[in-house]
Amino acid sequence: MSARLILLGPPGAGKGTQAELLAQNLNVPAISTGDIFRSNIKGGTELGQLVQDYTSKGELVPDSVTNDMVRDRLAADDVAQGFLLDGYPRNVAQVAELDTILADLGLELSGAVEITADSDVVVERLLKRAQIEGRVDDTEDVIRYRLDVYAAQTEPVSALYGSRNALVQVDGIGEVAEVAARIETAIAPLIG
Ligand code: B4P
């Protein structure tokens, strides 16, 4: 059975952390749009220069850029047996685009997992990460702005997958291993 999953959750809920563990477990690639942007920024590529202003402010990168990048990535050979999308789709227009991309590839989504976490907890986690990694978008103002962007643009995405009966929600508060175990239990009905 191929797992084709989406991982949703506010910044700091643990998406990146859990995506890595879950992808290993399911033996599928984890595809993080945020990671792809960051590695392009670091490498000084044309894409990196294009997106840097948006990511540093916590704004969503324009759909035209993000959608093309995801379309290319999902056409790669290693995705044929499944994937875990981390951080995409992030607004309702991206959901429509993903529907089209998957239909074009003849693939069906297994469902979406939303990791939930209280704002104060995520701000605290991200400020801690800032001290270790120094990500430019991990300042308190930008973190709070990213949370607002999540509420306005990405919560409707989870509502949409909910209306399709394709959403499970998992509490992201607790030890990393505890959250991972909750996710594993929650996705069982999605991946059969
Ligand atoms: P992302 O890379 O997706 O950044 P994020 O939302 O902050 O999540 P991240 O994965 O980094 O954090 P996590 O919760 O795992 O996006 C960055 C930017 O890229 C966006 O602002 C936007 O500009 C752009 N972008 C990305 N996708 C886009 C799209 N589709 N469309 C348009 N623009 C897009 O972890 C946070 C911290 O919590 C870590 O330090 C971790 O160690 C810690 N943590 C995790 N689990 C924990 C636990 N259980 N207990 C304690 N700490 C925990």
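Select the shell around the ligand: its residues divide into eight nonpolar, twelve polar and nine charged. Here Ala, Val, Leu, Ile, Met, Phe, Trp, Tyr, Cys and Pro count as nonpolar, Asp, Glu, Lys and Arg as charged, and the others, Gly among them, as polar. The model is predicted: local features need pLDDT of at least 70 and side-chain atom pairs 80 or more, while totals for chains, interfaces and linings use all residues. Numbering runs from 1 along each chain as its sequence is written, and side-chain values use heavy atoms, without hydrogens and water.

**The ligand**

In total, 29 residues surround the ligand (a heavy atom within 4 Å). The closest are G14, G16, T33, E59 and R146. Next, pick R135. One of its polar side-chain atoms lies 2.9 Å from a ligand oxygen. On R129, a side-chain N or O atom is also 2.9 Å from an oxygen of the ligand. Now colour helix α2 (33-42). With four residues, α2 gives the most to the shell. Helices here are DSSP runs of H or I, at least four residues, numbered from the N terminus.

**Salt bridges**

Show the salt bridges (a Lys or Arg side-chain nitrogen within 4 Å of an Asp or Glu carboxyl oxygen). The whole structure has eleven. R129 and R135 return here, linked with D137, D138 and R146 in a network.

Move to R164 and D99, whose closest N and O atoms are 2.8 Å apart. R164 sits in the loop between α7 and β5, and D99 in α5, so the pair ties together parts 65 residues apart in sequence.

Finish in α7, where R144 and E140 lie four residues apart, about one turn of the helix. Their salt bridge has its closest N and O atoms 3.2 Å apart.

Key
A polar contact is a pair of N or O atoms within 3.5 Å; within protein, one must be able to donate a hydrogen and the other to accept it, and residues adjacent in sequence count only if both atoms are side-chain atoms. Helices (H or I, at least four residues) and strands (E, at least two) are DSSP runs, numbered from the N terminus.
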